[in-house]
Amino acid sequence: FLNGQLDDYTLVAIDLPYHGHTRFRKIAFTSAQASALFLALLDRFNVATAHLLAYSIGGRVALSIAQTDTSKVASLVLVAPDGVKDHAVFNFATRSKFGHRIFRRSMHKPKVVKAVFSGLKRMKIIKPSVANFYNSTIATPSESRNLYKIWMAMSGLSIDLSAMFEQLKQYQIKSYLIVGKYDKIIPLKIAKQVQLKYPQLEVVALE
């Protein structure tokens, strides 16, 4: 969909682990692997730097690369990304033994999870749009199992936002956070909180 919009650039769209047609045998996708992939792509296209444009959970990968290979990043553009703020549910589900056990079992029983989200929506504990979003990600058993694999893979990425933004500042690399003004998943309020902590991050709110 970006074809014709960025004619001055070569666009490279990457199938991350468990996305598209990528064959990925290991459950963990580490920062070292993300870095190796990025450097291999730079070599493949014979360029010294590249702009990173990342959406959703791909934001975690871009943040990791920006931290490990800062000098080779031309700019960092994050679109409704995961990873810019601590995600309590993600951390509980992937980084604690108890949470992981619950997460693994629930993702193999998506009907139960959907019922829980429906109940939370009825009790007005979570917004309908949020419940609908998460339900859409586990519409079928295969999708829920794949979501489990993606979350577990991305939990292997090591990101220190303070250190990363300090390095971006040192190398004078521009960074942007693009969000939807009415998005309930990555709300503008959260984006502004992140910007307060890292002032060099430019926030763009789209209608």
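I took a pocket to be an open set of points, on a 1 Å grid over the protein atoms alone, with protein on both sides within 12 Å along at least five of seven lines; lining residues have an atom within 4 Å of a point. A volume is the space filled by probe spheres set on the points.

I noted that this is a predicted model, in which local features need pLDDT of at least 70, side-chain atom pairs count only at pLDDT 80 or more, and totals for linings use all residues. Residues are numbered from 1 along each chain, and side-chain values use heavy atoms, without hydrogens and water.

Entry 1: I found about 340 Å³ of space in the second largest pocket. Its lining has 17 residues, with Gly83, Val84, Lys85, Asp86 and Leu161 nearest the centre. Helices α3 (88-95) and α9 (188-197) each give two or more residues to this lining; α9 supplies the largest share, three residues. I recorded six nonpolar, five polar and six charged lining residues (Ala, Val, Leu, Ile, Met, Phe, Trp, Tyr, Cys and Pro count as nonpolar, Asp, Glu, Lys and Arg as charged, the others as polar).

Entry 2: the helix pair. Helices are DSSP runs of H or I with at least four residues, numbered from the N terminus. I looked up α2 (residues 58-68) and α8 (residues 161-170), whose axes (lines fitted to C-alpha atoms) come within 9 Å and cross at roughly 60 degrees. In contact (heavy atoms within 4.5 Å), Leu63, Ala66 and Gln67 of α2 meet Leu161, Met164, Gln167 and Leu168 of α8.

Conventions: Axes are lines fitted to C-alpha atoms, for helices over the stretch in contact, and angles run from 0 to 180 degrees between N-to-C directions. On a 1 Å grid over the protein atoms alone, a cavity is a set of points where a 1.4 Å probe fits but cannot get out, and a pocket is an open set with protein on both sides within 12 Å along at least five of seven lines; lining residues have an atom within 4 Å of a point.
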